[in-house]
Amino acid sequence: MKARVSARQEVLKGLWDQNPVFRQLLGMCPTLAVTVTALNGVAMGAAVVFVLVCSNLMISLVRKWIPGQVRIAAYIVIIATFVTVVDLTMKARFPELSSSLGAFIPLIVVNCIILGRAEAFASKNGPWRSVLDAVGMGLGFTFGLTFLGSLREVLGSGTLFGVTVLPSWEPWVVMILPAGGFLTLGLILGGVNLITRTVEARRRRAVVEASRVTARIAVTGIAPGSPARGEA
Amino acid sequence: MDLLLIFIGAAVVNNFVLSYFLGICPFIGVSGRLSSAVSMGMATTFVLVMTAMVTWVLQAYVLGPLRLEYLQTVAFILVVASLVQFVEMVIRKTSPPLYRALGIFLPLITTNCAILGLALFIQLRGYGFVQSVVFGLGAGVGFTLALCLMAGIREELDLADVPGPLRGAGITLLVAGTMALAFMGFAGMI
């Protein structure tokens, strides 16, 4: 039972608490470059999920045989192999998508998320947990990219996944230009921080409230709301 | 003239950071102080030019003739990683003060996507050797320019009253967006 709960947490932490896009600011280059449309975001996310899961699994399997000094080079070769697999597959199966993502598919090799998870997680944990971690982080990344891509596509061209959603909308061309990427992500980060702060402040207030109640019980021996004395 | 166009194109018109989004991680991470931004920019420029030379030769004389193009990604990243290691060793031997100034930034350059991106762009556009070197130099100058501008702005920003949730990365991205808008003005130059 305990193992299952922690397995779920392993996946869930990547979605919000340690979301690679919004919280850790990893993999910024593809995040900003390809999110002109929602579809691009999903495709990039899927490619990263595949590479992340495969490389995390592989690295956690061979982690005991890699000498410490050359581990980064070994990780990069493993990652580059899977990236080549994705690149060639996409070129053969989805030529259109592959050309709209351009050089950013091979550039997954230097995406800090993948090397970061390899170094921080897969090199220290077993294969099963490493895969769970990769799935969580990959889905978190996909979620971030899709969200950003949807926002920019709706505002920048009035469509979502190529379907018109805002018929009489004067498109904000800046949203699909590089500048729009920076501005949108900056504002989203502000929003995420605002949400986190509000939630945390509320939680802290609740904790303070609770501790005040316990302190009072300890001092007076009376729980609040109990009718024993007229002091309240 | 052709070379000049490539240089200006890579340095300002299609600035690597502000219009291709390459090298965003150091752009946000190392742009806090002007002095470290200059050092980082110089080191990156150096590695960019070296990478342009080595990967061009590798592609033209090894991968191309042997029909090993599918190994491109793996081969290029290994070149970049070993180049960075090599540069680090050379600088440590020849100029200890420069090594101390750049020290921590050098290993970071391996995962700077501008480097691998440059190697891939050179192949996509079919540049010759001299063109590749000029392209690398232009990209490096453009990266340094963007990094230094950002560092200058952020040093001033420390004194500004930024709304709480936007402090840190948020305001940096907004400033970068404004800079990207300004750089769009160069689009008519070529």
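Student: What should I know about the model before reading it?

Tutor: The model is predicted, so local features need pLDDT of at least 70, side-chain atom pairs count only at pLDDT 80 or more, and totals for chains, interfaces and linings use all residues. Residues are numbered from 1 along each chain as its sequence is written, chains are lettered from A in the order in which they are written, and side-chain values use heavy atoms, with hydrogens and water left out.

Student: At what angle do helix α4 and helix α6 of chain A pack?

Tutor: Axes are lines fitted to C-alpha atoms over the stretch in contact, and angles run from 0 to 180 degrees between N-to-C directions. Here α4 (residues 71-93) and α6 (residues 112-122) of chain A pack at about 130°, with their axes 11 Å apart. That makes α4(A) oblique to α6(A), since angles under 35 degrees count as roughly parallel, over 145 as roughly antiparallel, 65 to 115 as roughly perpendicular and the rest as oblique.

Student: Which residues make the contact between them?

Tutor: Contact means heavy atoms within 4.5 Å. Arg71(A), Ile72(A), Tyr75(A), Ile76(A) and Ile79(A) of α4(A) meet Ile114(A), Leu115(A), Ala118(A) and Glu119(A) of α6(A).

Student: How many residues does each chain bring to the contact of chain A with chain B, and what area do they bury?

Tutor: Buried area is the accessible area (1.4 Å probe) that two parts lose on being put together, summed over both. Chain A gives 33 residues and chain B gives 34 residues, and the two chains bury about 2900 Å² between them, 86% of it on carbon and sulfur atoms. Cys29(A), Val110(A) and Phe182(A) supply 23% of the area that chain A buries against chain B, more than any other three residues.

Note on methods
Helix = DSSP H or I, 4+ residues; strand = E, 2+ residues; numbered from the N terminus.
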